[in-house]
Amino acid sequence: MELSADPFYNRFQIKHTVLELLISIMQEITLNDHTTQNTVVSAHLNDIQNAICFIHEHLSESISLDDIAHAVNISRASLSSNFKKINGISPYEYLLIKRIEKSLTLLKNTDISILSIAQESGFSNLSNFNRIFKKINGMTPKDYRKSITR
């Protein structure tokens, strides 16, 4: 991981790297643990990987848990349960993290409006985008953009 001169962006990058590491560890534990419960989860690993691909392909769109479950042909309950067991977070949390990652890239590399960034990142309204962005990054998108343009 390469750090930038921007400490705020570095904080996000470190959080992202830790999350990716935790996901990898959870997947490894799940694949190596031979209990009945984890064997069942391992059987659904392909479904969860397909769900992750679907999320990435439709990141900018308004998608629901039902949409993801339907796309990978499993029940909503099975998707939620197995996704969290394998990744340590819910499909919705994963979706939000990926949308925020996209918005960070757009904030850093473009000068398009924050409203446009929210829409391109898949958020239905600016208020929701600002709230979630601040919860994850500790500052609003506007403050983040100001911090990287100094």
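Accessible areas here come from the Shrake-Rupley method with a 1.4 Å probe, and for residues only the protein chains shown count as cover. With that, the accessible surface of this chain comes to about 8,600 Å², and 55% of that belongs to carbon and sulfur atoms.

A word on the source. This is a predicted model, in which local features need pLDDT of at least 70, side-chain atom pairs count only at pLDDT 80 or more, and totals for chains, interfaces and linings use all residues. Residues are numbered from 1 along each chain as its sequence is written, and side-chain values use heavy atoms, with hydrogens and water left out.

The chain has 9 helices and 0 strands; helices are DSSP runs of H or I with at least four residues, strands are runs of E with at least two, and numbering starts at the N terminus. Of the 150 residues, 41% are buried, meaning under 20% relative accessible area with a 1.4 Å probe, protein chains only.

How do α3 and α6 cross? The axes of α3, residues 45-57, and α6, residues 91-109, come within 10 Å and cross at roughly 40 degrees. Axes are lines fitted to C-alpha atoms over the stretch in contact, and angles run from 0 to 180 degrees between N-to-C directions. The two are therefore oblique to each other, as angles under 35 degrees count as roughly parallel, over 145 as roughly antiparallel, 65 to 115 as roughly perpendicular and the rest as oblique.

Which residues meet? From α3 there are Ile52, Ile55 and His56, and from α6 there are Pro91, Tyr94, Leu95 and Lys98, where contact means heavy atoms within 4.5 Å.

How values were computed
Buried < 20%, exposed > 50% of the residue type's maximum accessible area, 1.4 Å probe, protein only.
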